[in-house]
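Colleague: Before I rely on the terms used for this structure, I would like to go through them with you one at a time.
Modeller: Gladly; let us look at the structure and then set each term against its rule.

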Amino acid sequence: MRLTLLQMSQLLPGLLVLTRAVPPRWYFKWSLRSASMARYVYPHARRQAQPFLDLFGDRFEPAELKKRALDHLTYRRMYKEIALAWRSWEDRPEDWVSIAGEQHLTEALAAGKGVFLVSGHNYGFSRLIPPVLARKGYQVQRGGNGKKPSEREGRWGKNYELGWHYFYYQEGDYWHRVKMLRTLHRALDRNAVIHISPLNYRNGRPEMAVDFWRRKFYLDDKWFRVMEVCQAPILPCFAVGTAGGTIKIQIHPPLPAGREAMASQFGKVFLTYLQDHPEYARFWGAMLKERPWW
Amino acid sequence: MQRKQLEEGIGRILSKYGTVEAGEDSRKLVLLTEGGAFDSVTALEVILKLEKQFNIVIRDDEVCAENLASFDAIARFVQAKLLNG
């Protein structure tokens with residue numbers, strides 16, 4: 001079993017002190033180096049990079065493809081540890097996380113109807129968005145399914161104390177889902193920020209399609225219906241890495257009203273990220289295997 | 001509010017989704033359930049409209065099949081809310 005410094009720091013309090021002393025940028029740069037080595041040492045790392053290489057083999061020049069595949073491996077390693085990174089460096093997010101476009105959020109909240117922040121599913125470091133915004137004083141909740149609530153909450157540490165938490169729906173429990181939507185609506189009434197990342201599907205309604213690199217996938221119609229019913233402003237929000245070893249959260253201007261218009265515009269924003277940074281997506285394997293959703 | 005008036009109001013809300021027809025059978029039909037005529041997002045819409053139209057607040061613990069699954073259940077529930085506050 002391989003343990004990284006961040007993982008070990010959660011087990012040994014002495015190491016946590018040491019980890020906190022390491023500048024996060026150094027750690028993330030080290031992740032890039034270790035990803036480069038891991039592909040030689042661990043078959044698992046090679047397997048993780050394979051879907052990316054299969055899908056983009058003829059899109060990038062060989063040198064560019066190699067660099068992007070390594071970035072993809074680095075991202076996958078960093079993503080796994082992002083909750084631990086937060087627990088280690090939550091007291092100085094300014095050292096490793098920046099926010100751009102925050103004025104869109106403050107302007108939208110000024111209307112008093114709450115705000116939806118929407119990220120691409122399984123893309124980038126979107127899980128980092130609620131704690132970072134909560135630390136800045138926003139009232140944030142994140143929606144998701146309830147497969148492992150205790151694990152997710154535990155990994156992120158003192159999220160309730162920081163003013164953000166997950167609200168869940170349980171698959172197959174109709175009334176639980178309705179109650180969750182009710183909770184979400186009440187939170188918007190209190191001018192909260194709701195962060196969601198709608199699923200991507202293999203099939204769907206044509207209006208929900210995102211046309212990417214010879215393939216199509218479909219956005220989750222249901223979440224866009226929820227947002228239409230709630231009538232709160234909807235801002236696309238993505239978190240990706242930078243060359244300097246930091247993470248940038250970008251908040252975009254509000255989407256237009258109407259389910260189809262909002263899905264179309266969100267699809268365009270998501271597509272821009274996928275085209276510029278395909279290495280920050282974790283669904284290439286699922287897409288190639290034609291799973292129903294990812 | 002008269003029961004008939006109340007039922008007309010509920011009928012108007014539900015008819016937007018094209019599933020409520022006249023007759024005793026349809027009034028007992030379970031609309032809001034897994035695999036029923038209304039999915040969970042529609043259920044949220046119905047709840048919000050009931051609150052607005054009848055000026056009531058539906059608490060989280062009242063969001064359940066007993067109160068909201070069918071036309072009859074909704075009518076009974078809203079009437080009780082209006083009577084008891």
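**Where chain B meets chain A**

Colleague: What makes A:R225 and B:D39 a salt bridge?
Modeller: In this predicted model, the side chains of A:R225 and B:D39 come to 2.5 Å, nitrogen to oxygen; the rule asks for a Lys or Arg nitrogen within 4 Å of an Asp or Glu carboxyl oxygen, so the pair of A:R225 and B:D39 qualifies. Across the interface of chain B and chain A, the rule finds three salt bridges.

Colleague: Which element gives the most to the side of chain B that touches chain A?
Modeller: That is α3(B), with nine residues, and by class this side of chain B has 14 nonpolar, three polar and six charged residues.

Colleague: How do you know what area is buried between chain B and chain A?
Modeller: Buried area is the accessible area that two parts lose on being put together, summed over both; for chain B and chain A this comes to about 1800 Å², with carbon and sulfur atoms giving 62% of the area. In chain B, the residues that lose the most area to chain A are B:S40, B:V41 and B:L44, together 32% of what that side buries.

Colleague: Why are β7(A) and β8(A) called paired strands?
Modeller: Two strands pair if at least two bridges are found between them, and β7(A) and β8(A) have four, in the antiparallel sense, so the term applies. Within this pair, A:V210 stands opposite A:F217 in β8(A), and in the hairpin, which has two residues between the strands, A:W213 takes a positive phi near 45°.

Technical notes:
Residues are numbered from 1 along each chain as its sequence is written. Chains are lettered from A and ligands numbered from 1 in the order in which they are written. This is a predicted model: local features need pLDDT of at least 70, side-chain atom pairs count only at pLDDT 80 or more; totals for chains, interfaces and linings use all residues. Side-chain values use heavy atoms; hydrogens and water are left out. Buried area is the accessible area (1.4 Å probe) that two parts lose on being put together, summed over both. Ala, Val, Leu, Ile, Met, Phe, Trp, Tyr, Cys and Pro count as nonpolar, Asp, Glu, Lys and Arg as charged, and the others, Gly among them, as polar.
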